[in-house]
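Work through the exercises below with the sequence and the model side by side, and try each task before reading its solution.

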Amino acid sequence: TDLRTAEMAHPEIINKIISEVENVAGNKFSYLAAALAQTGLLVYIPKGLKLDKPLFSKISAGGKDTALLTQILVIADDDSSVTFVQEYASLDSKNEEIFHAGLVDIIVGERANVELVELLSWGDNVWDFSTKTIRVKNHGNVTWLFGNIGGKLVKNFQTLDLIGKEC
């Protein structure tokens, strides 16, 4: 669901992920996105659910001198499995500057499996500062594929936190 709906309909899931990632050190861009995100997404895979088809999300940016702040929260509960594809895109424009600050927090539960595919196809006018944090619990597994095509400046702050004793 979108983040605004999730805050109203599923506050317990939002609180769960926030409590698990709140101690992770951030940066000015992640704090900006967390505080002022205009759009976002919550993906929650319940305990034991194994999805055979991938989930896909696309965030597009455009407009003259635009700031886009996004937040994506993904929880794969214990014994679940998901492939999640996230694409960011914009057109090239010599007359527009676009600033993106994005925050992605992913929790991989015990014995859960997450395949994350991130595709950036920004135009040459996009300044992208994104922070990604993945926390993996006991016997959890994450496969992370990142592809970047374009952007004026792309900076990714990435943290992989193995929090189980047997990761």
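**Exercise 1.** Decide whether the radius of gyration of this predicted chain agrees with that of a compact globule.

*Solution.* Begin with the length: for 167 residues, a compact globule would have a radius of gyration near 15 Å. Next take the value for the chain, which is 16 Å and therefore agrees with that expectation.

**Exercise 2.** Describe the order of helices and strands from the N terminus on.

*Solution.* Count the elements, which gives three helices and nine strands. Reading from the N terminus, the order is α-α-α-β-β-β-β-β-β-β-β-β. As for contacts between residues at least 6 apart in sequence, 89% of them join residues at least 24 apart.

**Exercise 3.** Find which residues touch the most other members of the largest nonpolar core.

*Solution.* This core has 24 residues, and those touching the most other members are Ile72, Phe84, Tyr88, Ile106 and Val108. Strands that each supply at least two of its residues include β3 (66-76), β4 (81-90) and β5 (98-108). Now follow Ile72: leaving aside neighbours within four places in sequence, its contacts include Leu41, Ile59, Phe84, Tyr88 and Leu103. A second, separate core has nine residues, among them Leu3, Ile17, Leu73 and Ile107.

**Exercise 4.** State how many positive and negative side chains the chain has, and how far apart the centres of the two sets lie.

*Solution.* There are 16 positive and 22 negative side chains, and the two centres lie 2 Å apart.

Terms used: Residues numbered from 1 in each chain as written. Predicted model: local features only at pLDDT ≥ 70, side-chain atom pairs only at ≥ 80, totals over all residues. Heavy atoms only, no water. Core = buried A, V, L, I, M, F, W, Y, C linked by side-chain atoms within 4.5 Å. Buried < 20%, exposed > 50% of the residue type's maximum accessible area, 1.4 Å probe, protein only. Helix = DSSP H or I, 4+ residues; strand = E, 2+ residues; numbered from the N terminus. Contact = heavy atoms within 4.5 Å. Rg over C-alpha atoms; globule rule 2.2 N^0.38 Å. Lys, Arg positive; Asp, Glu negative; His and termini not counted. Charge placed at Lys NZ, Arg CZ, Asp CG, Glu CD.
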